[in-house]
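Here are my quick notes on this one. Have a look at the model first, then read on.

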Amino acid sequence: MAWGKRADMIVHEADPYNAEPPRSALAGTQVTGEDTFYVRNHGPVPDVDPARWRLHVHGRVSAPLELSLDELTSRFPQHELTATLQCAGNRRAGMAEVAAIPGEAHWGPGATSTAVWTGVRLADVLHAAGADPGAGHVCFEAPDVSQSADPPQHFGGSIPAAKAYADEVLLAWQMNHAWLPQVHGAPVRVVVPGYIGARSVKWVDRITVADHPSDNYFQATAYRLLPPEADPAVATHGDGLSLGPVALNSDILSPDDGAHLRGGHTVVSGYAFAGGDRTVARVDVSLDEGTSWHQAHLTPAADPWSWQHWQLACDLPPARSVTITARAWDDTAAAQPESAAQLWNPKGYVNNAWARVTVVTDPV
Ligand SMILES: Nc1nc2c(c(=O)[nH]1)N[C@H]1C(S)=C(S)[C@@H](COP(=O)(O)O)O[C@H]1N2
Ligand SMILES: [Mo]
């Protein structure tokens, strides 16, 4: 199987490899296995020799660094956390049902996964480099070259300094207590919990402390939320809203959309995730398209930066097509919006509309 992934991955593109697990593969597991974790690549996967890899830290620093893997892993204290990554294109398929989204893959609800990450704090490396605390942004760059960028260029991005110095932001070389797989960024990737996946730059080899956000295509032009009437073909640097913290979202993982069920007693389950420093407060499930709601049981989060799974036992009526709807609320009492139609944007980012699956139940 490609890149050690399970046989039932939904492959959106073989090369560069882009794939998500089916709903059922994410159901019920807090930590996603390496063979199941989604993969999002904008260019060919680089094969970086860990012995020759160096991390350059420069820009607004008083002591630029060039760290080998040995130095990075031995010079700084190690930290471990469980964090969910979520692509800004997660659930784009639901938005593409509203109106076409040319040139972007129709990701389902599986462009999100959770792993245990081990590494060092970005903040510790920035301090060692004597980073100017007044510089507002920390930029990352990787060796992979994306032909889908305009012009083609290395993948990169940035985060505001306030996030870069936060305890949870890691330079990680382990995923689920094993060496980071090549396709997930070996030898070292950035992990920015609570931010869109694009900021967790894989194969990172360059960190620049700067006054401004990165001018890399994937920060300045892509991963920005354009208004519905905008033409992405002419969008340029700085158009639209820059995406950082992940919006509150949830989806149903079981039963599967289109499933044929016996009916009667059924357990509905799924995930919910609130990015930034918000947490999921409640998940509601409806069997009548939002007229009435039942509160699901929320499994406590393994870690503040991890998604939460939820379950609801319910009775499905026989011999019917039943739409199951779910919506999450966060601790600011914000809820997911009702429909993707209200959210549609030309690149199909941040579909966090109510989750819906339709199942058919057998006659009694
Ligand atoms: N160097 C590099 N880093 C990258 C990307 C990439 O194409 N190149 N894709 C980003 C995007 S858009 C996402 S959603 C996450 C996905 O991480 P994963 O492939 O480990 O799941 O990686 C991010 N880091
Ligand atoms: Mo992404």
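1. Disulfides first: the count is zero, taking a disulfide as a pair of cysteine sulfur atoms within 2.5 Å. Cys139 is buried at 10% relative accessible area, and Cys314 is buried too, at 8%. Buried here is under 20% relative accessible area, exposed over 50%, partly exposed in between (1.4 Å probe, protein chains only).

2. Bookkeeping: this is a predicted model, where local features need pLDDT of at least 70 and side-chain atom pairs pLDDT 80 or more, while totals for chains, interfaces and linings use all residues. Residues are numbered from 1 along each chain as written, chains are lettered from A and ligands numbered from 1 in written order, and side-chain values use heavy atoms, without hydrogens and water.

3. Which residues come nearest to ligand 1? Out of 19 around it (a heavy atom within 4 Å), they are Tyr38, Asp144, His184, Arg189 and Lys202. The shell splits into 10 nonpolar, five polar and four charged residues.

4. Now the polar contacts (N or O atoms within 3.5 Å). Ligand 1 has an oxygen 2.8 Å from a polar backbone atom of His42 and an oxygen 3.0 Å from one of Arg40. A nitrogen of ligand 1 is 2.7 Å from a polar side-chain atom of Asp144.

Note on methods: A polar contact is a pair of N or O atoms within 3.5 Å; within protein, one must be able to donate a hydrogen and the other to accept it, and residues adjacent in sequence count only if both atoms are side-chain atoms. Ala, Val, Leu, Ile, Met, Phe, Trp, Tyr, Cys and Pro count as nonpolar, Asp, Glu, Lys and Arg as charged, and the others, Gly among them, as polar.
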